[in-house]
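Biologist: I am new to this structure. Please take me through one part of it closely, and show me where that part sits in the whole.

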Amino acid sequence: MSDLIEYAPLLAQGTGVTVALAILSLVLATALGALGAAAKLSGKRRFGWPAAGYTTLVRGVPDLVLILLIYFGGQRLVNVAGNALGVDYIEVSKFGAGVFAIGFIYGAYLTETFRGAYQSIPKGQAEAARALGISRFATLRQIVLPQLMRLALSGYANVWMVLVKSTAVVSVIGLADLVGLADKAGKSTRQQFWFYLAVLLVYLTITIISEQVLGRAEKRLNRGQEARGTPA
Amino acid sequence: MRVDLVLDSWTMFAEGVWMTLQLTVLALLFGFLIALPAALAMYRRTRAGTFWRGFVYVFRGTPLLVQTYLIYYGLAQFDWVRAGPWWYFLREAWWCALIAFSLNSAAYQAEILRGAFGNVPRGEIEAGRALGLSARFITWLVLLPSAFRRALPQYGNEVVFMLHGSVVASVITLQDILGAGRTLNARYYLAYEGLLTAALLYMVLTFALVGMFRLLERRFLRHLNVRSEDKPVRKPLDGMLDPAAAR
């Protein structure tokens, strides 16, 4: 147990890496989700098909397989490209590969979240805006987006929770995140149980904090909904 | 792309599929055996229900990978674990994976079932009571069948997530589908072939399972779809990425 205290700074550093990985992945996933939803809602086949392929691929393949493919496959691609350009060996960053992979995976989930939220906004609102001569951009920004945020939040919160847990898997490619560092420390001190238990508790803490924050955000975005007698 | 190398090692991938299916099916089964009494206890708010609530929260709130590490690498740290008769199981990666997956799946299944119990209309229970059924009969003849039907779509998601979650087995040295793919890559120093084959196999299994659950839903939820022409047609893979069902 005393080893755990000695290694506390290391674990804190690992927690930082994990949280940074999760947040950056969420940013990427949000961008990809918005893009994917826009493509699916565009009604144009040349946009709809790639988006459908993207979400189908992600829901069919486990996260770890995609992470390994992106890391090792990406490394090979960079090597081939580097050779062609006459550049020496470039190493793909594990953190970068992790962000890219996790963002790519959860972007597919957010595509569905955003699409569902958009579709539950009554069409009449956009039509009314058009009838009033409000530009398409202003309609999107002032009428659709504020509602989209409220409608998508519970799905978004759900994706965040799953995404956080998914970051543990990135340790398999050797990233020195919370799991990776605890793994090393546990093996060198032969105190694996206590180190993994600590990791478990850190993840549990992140879950609890996220629940609190997101619950509050949901309440805030839903204010005024119940007063009108239409609980969201 | 060296497809020939993949084809030459098809037996390795076949064994991998077998390992993955074995772990997934057994974990779902054992998970169910734990989840059913747990969900009933939570639904009835008994004292045991409080314990199960904590169990569900911890296992749903932490990564499966860490849970598996804790059981496989963590428990072996203690001498009393190594000395006991349970060491026969706990020294094997296969049993550790199965234990971790079963507990994890139990937590998710318990939550699904608890929700389904809560969604059974009160009228159905009251009708059972009015017919003079004992509490036990109401549970077995009214509550459970009704809840299982309602839980079917979420169960489909849970099965797919357990299949995907089982890749963790390859991290603790087991030769599942991903393990076979990584072995192939390492043996011939390849970057894509083994992993792409694994990805393809997982995809086929996933969509086979999704299709199977669609058929089950059509069979067991058909009373909800009597006037199906009024409803938008559900395409084969709709809802599979339902964010509400993500875990």
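Modeller: A word on confidence comes first: pLDDT is the predictor's confidence in each residue, from 0 to 100. This is a predicted model. Chain A has a mean pLDDT of 89, and 97% of its residues reach 70 or more. Within chain A, helix 1 (residues 2-6) has the lowest confidence, with a mean of 79. Helix 2 (residues 8-41) has the highest, at 94.

Now the setting. Chain A contains nine helices and zero strands. Along the principal axes, its C-alpha atoms fill a box of roughly 70 × 55 × 25 Å. Of its 232 residues, 39% count as buried. Take the contacts in chain A between residues at least 6 apart in sequence: 76% of them join residues at least 24 apart.

The part to look at is helix 7 of chain A. What span would a straight helix of 31 residues have? At 1.5 Å a residue, that would be 45 Å. Helix 7 of chain A spans only 37 Å between its end C-alpha atoms. Look along this helix for a bend. A kink of about 50° is centred on Leu153(A).

Which residues of helix 7 of chain A are buried? Among them are Arg150(A), Leu151(A) and Ala152(A). Gly155(A), Tyr156(A), Val159(A) and Trp160(A) are also buried.

Last, the core. The largest nonpolar core has 117 residues. Those with the most contacts inside it are Val65(A), Ile67(A), Val199(A), Val66(B) and Ala110(B). Its largest share, 14 residues, comes from helix 7 (residues 93-119) of chain B. Follow Val65(A) across to the other chain. Leaving aside its neighbours within four places in sequence, Val65(A) is in contact with Val167(B), Leu178(B), Leu195(B), Ala198(B), Ala199(B) and Tyr202(B).

Terms used:
Residues numbered from 1 in each chain as written. Chains lettered and ligands numbered in written order. Predicted model: local features only at pLDDT ≥ 70, side-chain atom pairs only at ≥ 80, totals over all residues. Core = buried A, V, L, I, M, F, W, Y, C linked by C-beta atoms within 7 Å. Buried ≥ 20, exposed ≤ 12 C-beta atoms within 10 Å, placed from the backbone. Helix = DSSP H or I, 4+ residues; strand = E, 2+ residues; numbered from the N terminus. Contact = placed C-beta atoms within 7 Å. Expected span 1.5 Å × (residues − 1). Bend = angle between axes of the 7 residues up to and from the residue.
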